[in-house]
Amino acid sequence: MKAFLPTICLMFLTYFSAQAQTNVPATNPFPSISTLTTWASLNSQQQFDVAIRAVRFKFEVKEPGAESTAYTYIRKVTVNEVNYTDRIVYRIMNNNSASIISLVTASTDLVSLYTPQLATFKNNNCKTEMSKDKNTTCSCYESAAFAIDLCDERVKLTMGDGNKYFVSVAKK
């Protein structure tokens with residue numbers, strides 16, 4: 001009888017540990033280029049808000065401007081026991097003529113993730129501000145409807161070097 005109670009406790013512990021492991025969400029789900037271009041075509045912050053929450057981003061701040069309004073969303077992620085903040089900005093022109101989605105992270109190599117997805121886009125010379133920085137490597141792409149900038153920025157951190165990745169999808 002003395003062994004019965006610890007055996008039952010061990011069974012419950014094993015069961016609940018297995019349940020916790022099977023309910024872990026996918027690590028760092030980033031939207032595909034196709035999804036980003038779809039979102040850039042929405043011209044509606046309300047629709048974008050619903051879509052972005054599906055990948056665990058939360059609204060942070062609205063920044064109105066003379067020509068456009070920017071909506072910033074963030075999410076906290078942990079990768080290999082290191083904490084990161086991913087940021088995505090949805091900027092929409094005040095006349096709804098165009099929108100831009102900018103995604104910035106240090107948690108995942110966006111260049112390796114997105115470059116294969118851009119095979120059908122035309123590769124252009126980059127003329128963006130970020131591409132002029134000597135610590136940043138950018139590749140710029142375009143299609144009939146979108147301009148996409150994909151950058152890898154070398155960042156000097158207090159505890160060593162790191163990289164920050166940036167993708168911008170702009171509706172023409």
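Student: In this predicted model, which residue meets Arg 75 in a salt bridge?

Tutor: Look at the side chains. A salt bridge needs a side-chain nitrogen of Lys or Arg within 4 Å of a carboxyl oxygen of Asp or Glu. The N to O distance here is 3.0 Å. The partner of Arg 75 is Asp 86.

Student: Where do Arg 75 and Asp 86 lie, and how many residues apart are they?

Tutor: Arg 75 sits in strand β2, residues 68-79. Asp 86 belongs to strand β3. The pair links distant parts of the chain, and the separation is eleven residues.

Student: Are Arg 75 and Asp 86 buried or exposed?

Tutor: Buried means under 20% relative accessible area. Both residues of this pair, Arg 75 and Asp 86, fall in one class: buried.

Student: How many salt bridges does the structure hold?

Tutor: The Arg 75 and Asp 86 pair is a salt bridge. Arg 87 and Glu 60 also meet in one, at 3.6 Å, N to O. For the structure, the count is five.

Student: Which strands hold Arg 87 and Glu 60?

Tutor: Arg 87 lies within residues 82-93, and Glu 60 within residues 58-64. The pair therefore ties together parts that are 27 residues apart in sequence. The strands are β3 for Arg 87 and β1 for Glu 60.

Student: How far apart are the closest N and O atoms of Glu 142 and Lys 172?

Tutor: These two residues form a salt bridge. The cut-off is 4 Å. The closest N and O atoms are apart by 3.4 Å.

Student: How many residues separate Glu 142 and Lys 172 in sequence?

Tutor: Glu 142 lies in strand β6, residues 136-142. Lys 172 lies in the segment after β8 (160-171). The pair ties together parts whose separation in sequence is 30 residues.

Student: What relative accessibility does Lys 172 have?

Tutor: Exposed would require over 50%. Lys 172 counts as partly exposed. For Lys 172 the value is 49%.

Student: What share of the protein chain's residues counts as buried?

Tutor: The chain has four helices and eight strands. It has 172 residues. The buried share is 34%.

Methods:
Residues numbered from 1 in each chain as written. Predicted model: local features only at pLDDT ≥ 70, side-chain atom pairs only at ≥ 80, totals over all residues. Heavy atoms only, no water. Helix = DSSP H or I, 4+ residues; strand = E, 2+ residues; numbered from the N terminus. Buried < 20%, exposed > 50% of the residue type's maximum accessible area, 1.4 Å probe, protein only.
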